[in-house]
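Hi,

Here is the structure I promised to pass on. Have a look at it first, and my notes on what turned up follow below.

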Amino acid sequence: MTRYLFLIYGNESREAAATPEQWQAMMDAHRAWGEKVMASGATMVAGEALQPTSTATTVRAGDSGSRLVTDGPFAETKEALGGFYLIDAEDLDAALALAESLPAETVEVRPILAT
Amino acid sequence: MSPAPGAEPAAVSEAVAQAHRHEWGLVLAVTARLAGGDVGLAEEATQEAFIAALETWGVRGIPSNPGAWLTQTAKRRLLDRLRRDATLRRKLPLLVDSEPTLDDPDFGEEGEVIPDERLRLVFTCCHPALAMEARTALTLRLVCGLTTDEIAHAFLVSEPTMAARITRAKKKITAAGIPYRVPGRTDLAERLDGVLTVIHLVFTSGHTAPGGDELVRLDLVERALDLARVVAALLPVEPEALGLLALMELTDARRLARVDEAGDLVLLEDQDRSLWDRVAMVHGTALLDRALALTSPQRPPGRFVLQAAAAAVHAEAPTFGATDWSALVALYEQLQRVWPSPVVTVNRAVAVSFAVGPDAGLAVLDELTDDRRLDGYHYLPAARADFLRRLGDHRAAAEQYRAALDLATAPAERRFLQSRIDVLSES
């Protein structure tokens with residue numbers, strides 16, 4: 001088993017404009033996906049949706065050990081990080097098969113560094 | 001005193017070179033499975049086995065089965081490493097559930113090889129999670145045993161760049177958990193296409209080498225043919241695997257006629273067809289027939305089968321004038337449906353220019369006017385130039401030949417384009 005972080009990227013303005021019915025449909029789709037994960041033999045370790053990037057604060061290392069705090073996300077991108085799943089899967093093929101069936105626009109699959 | 005059982009240095013290096021050419025991929029593949037799919041580790045053990053061969057064979061003589069000796073030695077080197085290094089041992093995936101030993105039935109003393117062993121390695125090197133350029137480099141390094149320097153030379157990048165590319169890809173295989181196996185039924189067709197694409201890329205890089213003095217890099221052509229033979233032999237009911245081998249055999253059969261004594265390019269039109277390798281052509285055509293027999297309306301021929309069919313049309317024509325151009329037009333139309341690549345449009349335009357006329361060929365190329373994917377593809381202006389030349393518009397033709405010359409890198413092709421410009425400016 002390898003542990004993977006699924007980073008879910010999407011269009012925030014479209015998500016903000018979603019009706020309550022659309023939200024509910026999205027939540028149901030994610031719940032169904034979660035069941036699919038378990039049925040596939042993989043394990044969902046964690047998974048959360050994030051508040052929009054307008055709520056983000058970034059802390060950067062500045063010169064001479066200072067910390068620079070700024071409003072907003074680390075990178076302003078068209079597709080913003082909107083949620084994540086932490087999944088234990090057999091191998092990358094199994095992880096990618098799950099990522100493909102995820103109800104999301106873009107998913108980045110990153111293996112967790114084993115220590 | 002009995003004579004020492006060792007072998008002459010020249011005989012040893014010849015035997016090691018032979019084994020390197022034919023056994024490297026197999027030795028590495030078997031070792032990689034024992035290493036739980038860690039191809040980097042397997043590569044190091046394989047390399048050590050070949051170095052050991054150079055030393056040992058000179059003293060003890062060349063073994064009767066060099067491949068088995070090398071496999072056995074590589075496995076032993078790997079196990080030594082794993083025993084010595086607790087960190088490495090922890091890294092061993094659960095795939096190898098008990099500590100592997102040399103008595104493991106999968107890895108018999110005789111060095112017999114599970115038939116699809118090399119196939120696992122090929123599918124791992126060509127995994128879609130790796131960038132295309134990394135897949136090609138990794139396949140040449142791990143399956144074919146080319147040195148990083150040789151691969152860098154073939155693809156016109158510096159040696160450190162190529163080394164970094166290969167290292168990064170090997171790291172990703174282990175870190176991201178790219179599995180060491182042949183994909184199952186459901187994914188096989190799609191994944192096979194990725195493998196065949198890499199083999200075809202190796203072949204075309206050898207067939208028309210982008211750099212160096214020679215048009216054909218024979219080593220790359222032969223490695224690609226080796227790979228295609230392994231894949232076709234191990235997946236004998238996959239039409240595309242047979243189709244790719246057929247395409248390469250039929251294309252390579254024309255090798256001797258493609259270049260003249262001075263190393264200059266000879267167009268298909270001007271080739272001495274008696275120089276074509278008839279044995280390879282018969283072989284390629286037979287492979288194509290086998291591939292076509294596996295296709296049906298439910299399983300229509302794919303891009304490699306169709307390209308092989310086009311190559312067979314040329315092989316069957318006794319002269320350039322006798323070529324069945326309308327059959328080629330039909331094949332390229334079919335190819336364009338299964339593989340909508342602008343390169344296919346260029347080929348179709350050439351077929352149309354001979355079946356109907358150069359003006360009709362130009363009309364086909366006009367479909368590509370707004371297609372940016374072919375920026376940098378010198379065959380597009382070269383095809384347009386040829387149609388214009390045949391229509392008698394020498395000024396426009398020369399302009400297009402110059403555009404092609406700006407983009408072409410293979411020296412033989414550049415000389416050809418220059419000679420066309422020279423002839424047109426004289427007239």
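Where the two chains meet, 10 residues of chain B are in contact with eight residues of chain A (contact meaning heavy atoms within 4.5 Å). About 630 Å² is buried between them, and carbon and sulfur atoms give 52% of that (buried area is the accessible area, with a 1.4 Å probe, that two parts lose on being put together, summed over both). On the chain B side, B:Ala176, B:Gly177 and B:Arg181 supply 47% of the area buried against chain A, more than any other three residues.

Before going on, some housekeeping: this is a predicted model, so local features need pLDDT of at least 70 and side-chain atom pairs count only at pLDDT 80 or more, while totals for chains, interfaces and linings use all residues. Residues are numbered from 1 along each chain as its sequence is written, chains are lettered from A and ligands numbered from 1 in the order in which they are written, and side-chain values use heavy atoms, leaving out hydrogens and water.

Back to the chains: three salt bridges run between chain B and chain A (a side-chain nitrogen of Lys or Arg within 4 Å of a carboxyl oxygen of Asp or Glu). In one salt bridge, B:Arg181 meets A:Asp93 at 3.6 Å, N to O. B:Arg181 sits in the loop between helix 8 (159–175) and helix 9 (185–207) of chain B, and A:Asp93 in helix 3 (residues 92–100) of chain A (helices, H or I of at least four residues, and strands, E of at least two, are DSSP runs numbered from the N terminus). B:Arg181 is partly exposed at 33% relative accessibility, whereas A:Asp93 is buried at 17% (buried is under 20% relative accessible area, exposed over 50%, partly exposed in between, with a 1.4 Å probe and protein chains only).

Over all chains there are 31 salt bridges. Within chain A, A:Arg3 pairs with A:Asp88, with the closest N and O atoms 2.7 Å apart. A:Arg3 is in strand 1 (residues 2–10) and A:Asp88 in strand 5 (residues 80–89), so this pair ties together parts 85 residues apart in sequence.

What about the inside? The largest nonpolar core has 135 residues, of which A:Phe6, A:Ile87, B:Ile199 and B:Val231 touch the most other members (such a core is a set of buried Ala, Val, Leu, Ile, Met, Phe, Trp, Tyr and Cys residues joined through side-chain atoms within 4.5 Å). Helix 14 (residues 303–316) of chain B gives the most to this core, 10 residues.

Cheers
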